[in-house]
Amino acid sequence: MTTAFVLDWTAVCPLDRLESDRGVAALVDGVQVALFRTADGLFALDNQDPVSGAYVLSRGIVGSRNGVPTVASPLHKQVYDLRTGDCLDLPGVSVSRHEVRCRDGLVEVRLRQEE
């Protein structure tokens, strides 16, 4: 049985440093996180592509599929739901997602990790 636990919020950058519909990588408590700012809000996923194992999701193509905000891996083009981390092309494949918020103009991330 896998149990998720949540760490404290970590300030990453000012909100205005995140360009709309582009990703950026950040190191949060030793974990590479891909941050995205879209019209649908802020999203944070692990930066590691679960298919290739490379740390590249922050360089992915941001878009949407049927109204769902997405990012496509720049390597093999698998598409991930930014809200859940689920792969829309390969059932059972997902990337870990993390909580993200903007507080006082700063983007903060709170990691979700599996025990």
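Visitor: How many positive and negative side chains does the protein have, and how far apart do the centres of the two sets lie?
Guide: There are 12 positive and 16 negative side chains, and the centres of the two sets lie 4 Å apart. Here Lys and Arg count as positive and Asp and Glu as negative, while His and the chain ends are not counted; the place of a charge is NZ of Lys, CZ of Arg, CG of Asp or CD of Glu.

Visitor: Before we go on, what sort of model is this?
Guide: It is a predicted model, in which local features need pLDDT of at least 70 and side-chain atom pairs count only at pLDDT 80 or more, whereas totals for chains, interfaces and linings use all residues. Residues are numbered from 1 along each chain as its sequence is written, and side-chain values use heavy atoms, with hydrogens and water left out.

Visitor: OK, how many helices and strands are there?
Guide: The protein has 0 helices and 9 strands, where helices (H or I, at least four residues) and strands (E, at least two) are DSSP runs numbered from the N terminus.

Visitor: And how many salt bridges?
Guide: The count comes to 6 salt bridges, a salt bridge being a side-chain nitrogen of Lys or Arg within 4 Å of a carboxyl oxygen of Asp or Glu. One of them joins the side chains of Glu-99 and Arg-110, at 3.1 Å from N to O.

Visitor: Where do Glu-99 and Arg-110 lie?
Guide: Glu-99 lies in strand β8 (residues 97-103) and Arg-110 in strand β9 (residues 106-114), so the pair ties together parts that are 11 residues apart in sequence. Glu-99 is partly exposed at 24% relative accessibility, and Arg-110 is partly exposed at 24% as well; buried means under 20% relative accessible area, exposed over 50%, and partly exposed in between, with a 1.4 Å probe and protein chains only.

Visitor: Which residues are linked in a network of salt bridges?
Guide: Arg-101, Arg-103 and Glu-108 are linked in such a network. Glu-108 meets Arg-101 at 2.6 Å, N to O, and Glu-108 also meets Arg-103, at 3.6 Å, N to O.

Visitor: Is Glu-108 buried or exposed?
Guide: Glu-108 is buried, with a relative accessible area of 7%, whereas Arg-101 is partly exposed at 26% and Arg-103 is partly exposed at 45%.

Visitor: New topic: what is Asp-81 in contact with?
Guide: Leaving aside neighbours within four places in sequence, Asp-81 is in contact with Val-68, Pro-69, Asp-86 and Leu-88, where contact means heavy atoms within 4.5 Å. Asp-81 lies in strand β7 (residues 79-81) and counts as buried, because its relative accessibility is 5%.

Visitor: What about the backbone, then: what is phi of Lys-77?
Guide: Phi of Lys-77 is near 70°, a positive value in a residue other than glycine. Lys-77 sits in the loop between β6 (68-72) and β7, and is partly exposed, with a relative accessible area of 45%. Asp-29 also has a positive phi, of about 50°, although Asp-29 is not a glycine, and its place is the loop between β2 (23-28) and β3 (31-38).

Visitor: Last one: what percentage of the residues count as buried?
Guide: Of the 115 residues of the protein, 36% count as buried.
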